[in-house]
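Dear colleague,

Please find below the sequence and structure that I am handing over to you. A summary of the findings follows, and I would be grateful if you could read it alongside the coordinates.

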Amino acid sequence: MNENVRPETMERITTPELAEAFIAEQVDAIRAQVKDQKVLLALSGGVDSSVVAALLIKAIGQQLVCVHVNHGFLRKGEPEQVIQVFRNEMNANLIYVDAVDRFLDKVAGVTDPEQKRHIIGEEFIKVFDEESSKLEGIHFLAQGTIYPDILESERGIKAHHNVGGLPQEMEMELVEPVKLLFKDEVRVVGKALGLPDNMVFRQPFPGPGLAVRCPGAITRDRLEAVRESDAILREEFAKNGLEGKVWQYFTVVPDFKSTGIKNEERSFEWPVIIRAVNTKDAMTATVEDVPFSLLQHITDRITHEVKGVNRVLFDLTPKPTATIEYE
């Protein structure tokens, strides 16, 4: 039987009772696989890795070593938030790795999105291998792989850093307890594990982070424009009651410029594209009907507060024909 294929008889996890049954099953499976060895977890602070962390803590406690890698593609304030929530509040065994320059150097000049994902995926594994070499008894790598990641990678839609990006020579064995679940099921399991709502219902964030929202060759200034515009969008959605209502929303800064006017002078700068979609399982998605007045206000803020930007566009494309992310 292919372990990466969800059984047709597998019931959709929609209730706390079904989630508890899944948790009990996975706790047993994790203990049987890991035994007395240590597990290294790539903890981004997103929904999937957070739920995996909680599962592993429940199953093996201090045998889990969480590694948070700041690769330079995180949203504004996220590294600080991850440290606060997991190290200070959840008492997790957390290692923080500042690898910003390392990752940016690796993807410098790379324009092909699949190559970009593979480079980031391979570099992730190298970082974890390096961290594991400093520790004793690390034989397992835990990942927040979910079923849409597997399906999209197998169908050739796009590679995922935790599916298509893994090198063949990777020395650690994988632990992927939620790999047959859809996103909505992962959230139900997270609630049953007692994770806070602001973590469980946090909008999903791709493994390569803002790297896939900065199409084309990544530059530090354009990456910063993505980060700052995204922070404005998230702030305004929260202020206007859309946080928690819209499944995923973010900004993209493509690698082209257009003519505009700033301070009564010609400007030649990037556009910011706003993406806001709703979905249940990430396999299809519809576009959120954002009030036009709010879009105008966000546009005003982004064009006046984000360096290097003179236009704001709104993406009206559902999935399909588009994917949720741009790369």
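Pro-320 is located in the segment that follows strand S10 (309-314); helices (H or I, at least four residues) and strands (E, at least two) are DSSP runs, numbered from the N terminus. The model is a predicted one, in which local features need pLDDT of at least 70 and side-chain atom pairs count only at pLDDT 80 or more, while totals for chains, interfaces and linings use all residues. Residues are numbered from 1 along each chain as its sequence is written, and side-chain values use heavy atoms, with hydrogens and water left out.

The peptide bond from Lys-319 to Pro-320 is cis, with omega near -15°. A cis peptide bond also joins Pro-320 and Thr-321, with omega of about 20°. Most residues other than glycine have a negative phi, and most peptide bonds are trans.

Lys-35 belongs to the loop between H1 and strand S1 (38-42) and is exposed, with a relative accessible area of 59%. Ala-282 sits in the loop between strand S8 (265-278) and strand S9 (286-287) and counts as buried at 11% relative accessibility (buried means under 20% relative accessible area, exposed over 50%, partly exposed in between; 1.4 Å probe, protein chains only).

Surroundings of Trp-247

Trp-247 lies in the loop between helix H9 (220-239) and strand S6 (248-252), and at 12% relative accessibility it is buried. Leaving aside neighbours within four places in sequence, the residues in contact with Trp-247 include Lys-183, Arg-187, Thr-279 and Ala-282 (contact means heavy atoms within 4.5 Å). The C-alpha atoms of Trp-247 and Thr-279 are separated by 6.4 Å, although the two residues are 32 apart along the chain.

Helix H7 and its partners

Lys-183 and Arg-187 are among the buried residues of helix H7 (residues 183-192). The buried residues of H7 pack against helix H1 (16-34), helix H2 (47-60) and helix H8 (197-200). H1 and H7 pack at an angle of about 80°, with their axes 9 Å apart; axes are lines fitted to C-alpha atoms, for helices over the stretch in contact, and angles run from 0 to 180 degrees between N-to-C directions. The two helices, H1 and H7, are therefore roughly perpendicular (65 to 115 degrees; under 35 is roughly parallel, over 145 roughly antiparallel, the rest oblique). Ala-19, Glu-20, Phe-22 and Ile-23 of H1 meet Val-188, Val-189 and Ala-192 of H7 in this contact.

Yours sincerely
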